[in-house]
Amino acid sequence: MSRIGKLPIVIPAGVEIKNENNVITVKGPKGTMSQKVDPSVNVKIENGEMVFSIDENSPVNIKQKQAFHGLYRSLINNMVVGVSTGFQKTLELVGVGYRVSNQGNLLEFSLGYSHSIFLQLPSEVKVETKSERNQNPIIILESCDKQLLGLICAKIRSFRKPEPYKGKGILFKGEVIRRKSGKSASAK
């Protein structure tokens with residue numbers, strides 16, 4: 001059995017959970033999310049907790065059942081945390097002349113290319129940009145959907161991946177890039 005799948009999910013105050021035809025719907029102050037659950041996983045809501053178990057009579061092989069057990073528990077837990085408290089990621093633009101600004105959910109990047117890059121974010125994601133003197137520009141992204149937030153962060157990072165020689169690029173706040181020395185004196 002999955003160690004993660006065995007852990008119960010504590011349902012916080014203000015969060016409603018419905019289970020209809022193997023579709024779990026979670027509603028909270030930050031939004032509403034839903035996830036289809038495989039029939040080989042049983043979901044029970046009791047005493048303010050959500051418990052997952054494996055259906056032994058399901059025709060799916062045991063390894064797949066165990067994988068689903070932990071997977072759906074993690075996905076539903078992320079949904080519960082997302083609709084109650086939300087998720088936040090902070091990106092930092094490191095490089096001379098790198099800038100970012102936003103108008104609503106439209107981000108405009110200036111990353112040293114001959115053109116500006118525009119990115120329209122979905123309505124589920126809230127964005128804030130900060131540009132202070134003598135500080136690297138910062139992008140703060142917030143959403144109740146952890147998966148969508150990670151996807152958007154990966155897309156933004158793909159515009160200028162962090163490089164190990166000068167340390168320039170788009171990085172997560174606090175991320176450390178292992179630096180390389182570059183060309184060194186010729187080896188003898």
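Q: Let's start with the open sheet: in what order do its strands come?
A: The order is 2-3-4, with 3 strands in antiparallel pairing. Keep in mind that this is a predicted model.

Q: Which strands stand at the edges?
A: Strand 2 (16-20) and strand 4 do. Each has a single partner strand, so one side of each is left without a neighbour in the sheet. On average, neighbouring strands are turned by 15° against each other, direction ignored.

Q: And how many bridges link strand 3 and strand 4?
A: Strand 3 (residues 23-28) pairs with strand 4 over 6 bridges, in the antiparallel sense. Thr25, for instance, has Ser34 in strand 4 as its bridge partner.

Q: What lies across those strands?
A: Helix 2 lies across strand 2, strand 3 and strand 4, and runs at about 170° to strand 4.

Q: OK, aromatics now. How many aromatic pairs are there in the whole structure?
A: A search finds 2. In the pair of Phe68 and Tyr72, the ring centres are 5.6 Å apart and the planes are at 45°, so this pair is tilted. Both residues are buried, and they sit 4 residues apart in helix 2 (residues 62-84), which means about one helical turn separates them.

Q: Buried or exposed?
A: Ser40 is buried, with a relative accessible area of 0%. The residues Ser40 touches include Ser53, Ile54, Val60 and Phe68. Its side chain also makes a polar contact of 2.7 Å with that of Asp38.

Q: Last one: what lies over the face of Tyr113?
A: That's Arg160, at 4.3 Å from the ring centre.

Notes: Residues numbered from 1 in each chain as written. Predicted model: local features only at pLDDT ≥ 70, side-chain atom pairs only at ≥ 80, totals over all residues. Heavy atoms only, no water. Buried < 20%, exposed > 50% of the residue type's maximum accessible area, 1.4 Å probe, protein only. Polar contact = N/O pair within 3.5 Å; in protein donor to acceptor, adjacent residues only side chain to side chain. Contact = heavy atoms within 4.5 Å. Phe/Tyr/Trp six-rings, centres within 6.5 Å; stacked < 30°, edge-to-face > 60°. Helix = DSSP H or I, 4+ residues; strand = E, 2+ residues; numbered from the N terminus. Lys NZ or Arg CZ within 6 Å of the ring centre and 35° of its normal. Pairing = 2+ DSSP bridges. Axes fitted to C-alpha atoms, helices over the stretch in contact; angles between N-to-C directions. Lists of a residue's contacts leave out its neighbours within four places in sequence.
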